[in-house]
Amino acid sequence: MSEKNYTDLEWKFCASGGGTLICDGLNIEGYASLFGLRDKGGDLVMAGAYKRSLAALTAAGQSVKMLWQHDPAQPIGVWDEVREDSRGLFVRGRILADVARGREAAALVAAGAIDGLSIGYRTLRAQKHAGGGRALCDLELWEVSLVTFPMLQQARIGAGTAVKSGAGAVQELAAILDQGCQALRAARRDQSKLSNRGVAYE
């Protein structure tokens, strides 16, 4: 993958309709891009557009990043599977509960407040499309983000599998947060006891 500034990337959003982002606790899957469908910018992604990029990432031992709203400073999880099929770019991964923004993202997805996916990429080869816009033939894929407003309305979290109830996922996250709060309170009590004994922390 070329060493260029992240700000040089383009973004394409994908939202609900034919494919929806599925959240099962902290596990998510869906289509980040669908082939042959015109997005809000007038572009179409052609089948095979990600093939070379995915092969290059695999050969280099690298992976597509999972970001929050395309912010490179906010990774929120790991994409365990990123692949092309006959429909588009399918992704499956895990939101990390150990990351504060990840917990927030999982709660928002479970509640239905966030269900969009979007790709960050660089165009390597494109052609003018007869109906206007571009036919994107070869893309260098960098990241797939969870986003609020996808550009392609059919690209969202969770196409084709059963969804765990939002309430159940939120309860699971609440339990994780409660455990963390209890551990933090216990650590503070221990620190206070040690401080009283003349132990200092920096």
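How many helices and strands does the chain have? It has three helices and nine strands. These are DSSP runs numbered from the N terminus, with H or I over at least four residues for helices and E over at least two for strands. From the N terminus on, the order is β-β-β-β-α-β-β-β-α-β-β-α.

The model is predicted: local features need pLDDT of at least 70, side-chain atom pairs count only at pLDDT 80 or more, and totals for chains, interfaces and linings use all residues. Residues are numbered from 1 along each chain as its sequence is written, and side-chain values use heavy atoms, with hydrogens and water left out.

Of the 202 residues, 40% count as buried. Buried means under 20% relative accessible area, exposed over 50%, and partly exposed in between (1.4 Å probe, protein chains only). Contacts here are heavy atoms within 4.5 Å. Among those between residues at least 6 apart in sequence, 73% join residues at least 24 apart.

Now the core. A nonpolar core is a set of buried Ala, Val, Leu, Ile, Met, Phe, Trp, Tyr and Cys residues joined through side-chain atoms within 4.5 Å. The largest one holds 30 residues; Tyr50, Trp79, Ile119, Val144 and Leu146 touch the most other members. Several elements supply at least two residues each, among them α1 (51-59), α2 (100-111) and β8 (116-128). Strand β9 gives the most, with five residues. Beyond four places in sequence, Tyr50 touches Ser33, Phe35, Val45, Glu84, Leu89, Ile119, Leu139 and Leu141.

Strand β9 also holds Ser145. Ser145 is buried, at 0% relative accessible area. Its side chain makes a polar contact with the side chain of Glu143 at 2.7 Å. Leaving aside neighbours within four places in sequence, Ser145 is in contact with residues including Leu67, Trp68 and Gly116.

Side chains of opposite charge can pair when their charged atoms come close. A salt bridge is a side-chain nitrogen of Lys or Arg within 4 Å of a carboxyl oxygen of Asp or Glu. The count is nine. Asp43 and Arg134 form one of them, at 2.9 Å from N to O. Asp43 sits in the loop between β3 and β4, and Arg134 in strand β9, so this pair ties together parts 91 residues apart in sequence. Asp43 is buried at 6%, whereas Arg134 is partly exposed at 25%.

Arg122 pairs with Glu140 at 2.8 Å. This bridge links strand β8 to strand β9, with the two residues 18 apart. Arg122 and Glu140 are both buried. Shared partners join Glu29, Glu81, Arg83, Asp85 and Arg92 into one salt-bridge network.

Terms used
Polar contact = N/O pair within 3.5 Å; in protein donor to acceptor, adjacent residues only side chain to side chain.
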